[in-house]
Amino acid sequence: MRSLWLSVVLLLQCVFSQPYEPTPLGYDYDALEPYIDAETMRVHHVGHYKAYADKFSSAARQLRSMPEYKYLAKLGVDGLLSKLDEVPVALRDKIRNNGGGYVNHELYFASMSKDGGGEPEGAIRRAIDQDFGSFSKFVSGFTSLAEGRFGAGWVWLVVDTSTEDNTLKILSTQNQDTPQMVSPELVPLLGLDVWEHAYYLKYKNNRSAHIDAWWNVVDWSAVNERYIQGGFTHLDSDMLPDGDSSEREL
């Protein structure tokens with residue numbers, strides 16, 4: 001029995017000490033050409049994204065070395081980011097910035113495809129039409145917020161689970177803050193990185209060109225699947241035909 005217990009302890013120690021690694025892309029670095037160039041994708045993925053993963057792993061190891069904070073390290077990245085006020089001050093910014101950068105990029109890279117672009121279909125399209133009036137109004141509002149984001153940050157399509165009908169909303173966050181840092185009830189479905197590292201090699205300081213190009217690689221099938229798997233009931237959206245919309249606007 002003692003040997004079994006020791007084996008379990010060692011296994012748990014191994015699991016909780018594993019470094020965070022970037023998720024491999026489901027496509028080649030040049031797959032999103034001409035909208036996002038291969039060099040930007042490579043630097044973004046193996047440079048910036050990996051750096052966030054490595055630095056967050058380092059911070060998590062430091063946290064595990066503090067007996068009074070081991071319970072936080074065992075929460076995983078999402079759980080840890082939800083309890084930043086309990087993280088020691090010396091590590092708080094490192095965990096916030098790098099943990100946020102890690103999870104934000106997880107969603108970002110998983111939301112693009114060489115077969116992306118166009119308009120969404122299915123449940124997410126019906127929900128967008130209900131909450132924004134039309135897909136074009138959603139794109140206009142999202143684009144405007146992305147262009148107006150001062151400095152570095154992100155723009156998101158989120159589900160607000162605090163509302164009775166799980167309303168879709170557009171949100172902007174600074175630096176590497178996640179939507180859940182704004183409110184734990186906000187669940188991200190789609191995120192656009194407007195840090196300069198996401199576009200400067202190709203578009204220089206023309207953020208608007210980057211945003212316009214990005215719409216051509218958005219993987220709406222992945223966003224729709226994310227929405228469905230989340231179980232977000234949305235009024236009677238599943239009863240409406242594609243393209244039917246309410247009068248609710250931005």
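Which residues have the most contacts inside the largest nonpolar core? Ile 95, Met 112, Phe 138, Leu 168 and Trp 214. That core has 64 residues. By nonpolar core I mean buried Ala, Val, Leu, Ile, Met, Phe, Trp, Tyr and Cys residues joined through side-chain atoms within 4.5 Å. Buried is under 20% relative accessible area, exposed is over 50%, and partly exposed is in between, with a 1.4 Å probe and protein chains only.

A word on the model. It is predicted: local features need pLDDT of at least 70, side-chain atom pairs count only at pLDDT 80 or more, and totals for chains, interfaces and linings use all residues. Residues are numbered from 1 along each chain as its sequence is written, and side-chain values use heavy atoms, with hydrogens and water left out.

Helix α5, residues 89-110, gives the largest share, 7 residues. Helices here are DSSP runs of H or I, at least four residues, and strands are runs of E, at least two, numbered from the N terminus. Domain 1 (37-110) and domain 2 (114-233) each supply at least three residues to this core. Those bounds come from an automatic or database domain assignment.

Take Phe 138. Leaving aside neighbours within four places in sequence, Phe 138 is in contact (heavy atoms within 4.5 Å) with Ile 128, Phe 132, Leu 157, Ile 170, Trp 215 and Trp 220.

Now helix α6, residues 123-132. Why call α6 largely enclosed by the rest of the structure? Because 10 of its 10 residues are buried. They include Arg 125, Arg 126, Asp 129 and Asp 131. The cover over α6 includes α7 (135-148), β1 (153-160), β2 (167-174), β3 (186-193) and α11. Just after α6, Gly 133 takes a positive phi of about 95°.

Helix α11 spans residues 220-229, and Tyr 227 sits in it. Tyr 227 is buried, at 2% relative accessible area. Leu 190 is 37 residues from Tyr 227 in sequence, yet their C-alpha atoms are 9.9 Å apart.

Next, rings. There are 17 aromatic pairs in the whole structure. Rings of Phe, Tyr and Trp (its six-membered ring) pair if their centres lie within 6.5 Å; planes under 30 degrees apart are stacked, over 60 edge-to-face, the rest tilted. Tyr 108 and Phe 109 have ring centres 5.1 Å apart and planes at 65°, so this pair is edge-to-face. Tyr 108 is buried at 1%, and Phe 109 is buried at 5%. Ring pairs link both into a cluster with Tyr 20, Tyr 49, Phe 56, Tyr 102, Trp 154 and Trp 156.
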